[in-house]
Amino acid sequence: MTQIEANSPLDIMFVPARTDAPIGTIVVLHGWGANHDDLGELVPYFKLPEYQFLFPNGIFDHEYSDEGKMWYSFTGAGQLNDRSLTQLATSREVLTAWIQSLPDSTGIPLDRTWIAGFSQGGAMTLDIGLDLPVAGLIVLSGYLHQNRQQPPAAPSVLIIHGRQDDVVPISAARQGREVLTQWGVNVRYQEFDMGHSIVPEVLDVVRNFVTDRPTL
């Protein structure tokens, strides 16, 4: 794993493809209180050697963890207050600008770039990705922001959630699927017997979602 510099406020961990000519980029957004190391350890288990991975750190320091980051804060009830919404808007702006600039730095177009996220990172994946011409969106144990507006067009979305998730309830995933489907988004949806976590079988589904799309 290698650190790279980016022309943005983001601290980014870069994991290169194991080939001289990568065929795609996968951006992975961590959850509330984690950091880019949290999901970076999963790269070998995705079994996507021809893809390069980018793991940005959340912009904001986590309130209760010295090493943790977040995309925005929660109130004690898990709701978004004015401070949360301001931070969300900042993260949205920074992430969107950075992802739009990726083809210039990676040489890989957005239609060969996937955005994935876990928990709060999954929510950010939907928040920004529905408006971008990327290859697809991968939402792991995430949710759809309540104030999210219907996009004019959207990439395909994979939603994976645990039936025993006691952090983001399964009802959030089902509701997100329903709303996205009503918007005309192509949604693949799968539930697993797991909690707020990622089991090996999830990575198999993610890999198939990415590789099902033909190389352009």
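The legends below describe close-up views of a predicted model. Local features need pLDDT of at least 70 and side-chain atom pairs count only at pLDDT 80 or more, whereas totals for chains, interfaces and linings use all residues. Residues are numbered from 1 along each chain as its sequence is written, and side-chain values use heavy atoms, with hydrogens and water left out.

**View 1. Helix α4 is mostly covered.** Helix α4 spans residues 120-129, and ten of its ten residues are buried, where buried means under 20% relative accessible area, exposed over 50% and partly exposed in between, with a 1.4 Å probe and protein chains only. Helices (H or I, at least four residues) and strands (E, at least two) are DSSP runs, numbered from the N terminus. Among the buried residues of α4 are Met124, Leu126, Asp127 and Ile128.

**View 2. Serine 119 has a positive phi.** Serine 119 is found in the loop between β7 (113-118) and α4, and its phi is near 60°, a positive value in a residue other than glycine. Most residues other than glycine have a negative phi. With a relative accessible area of 9%, serine 119 is buried.

**View 3. Serine 141 also has a positive phi.** The loop between β8 (136-140) and β9 (157-162) holds serine 141, whose phi is near 55°. Serine 141 counts as buried, at 1% relative accessibility.

**View 4. The largest cavity has a nonpolar lining.** Two cavities of 30 Å³ or more are found in a search of the whole structure; on a 1 Å grid over the protein atoms alone, a cavity is a set of points where a 1.4 Å probe fits but cannot get out, and lining residues have an atom within 4 Å of a point. Grid points are joined across faces, edges and corners, and a volume is the space filled by probe spheres set on the points. The largest cavity has a volume of about 60 Å³, and its lining includes Val28, Phe46, Phe55, Ala116 and Ile138. By class, this lining has ten nonpolar, no polar and no charged residues, with Ala, Val, Leu, Ile, Met, Phe, Trp, Tyr, Cys and Pro counted as nonpolar, Asp, Glu, Lys and Arg as charged, and the others, Gly among them, as polar.

**View 5. The second largest cavity is lined in part by β9 and α5.** Its volume is about 40 Å³, and among its lining residues are Leu126, Gly142, Tyr143 and His161. Helix α5 (170-182) and strand β9 each supply at least two lining residues, and α5 gives the most, with three. The lining of the second largest cavity has seven nonpolar, three polar and no charged residues.

Note on methods. 1 Å grid on protein atoms, 1.4 Å probe; cavity = no way out; pocket = protein on both sides within 12 Å on 5 of 7 lines; lining within 4 Å.
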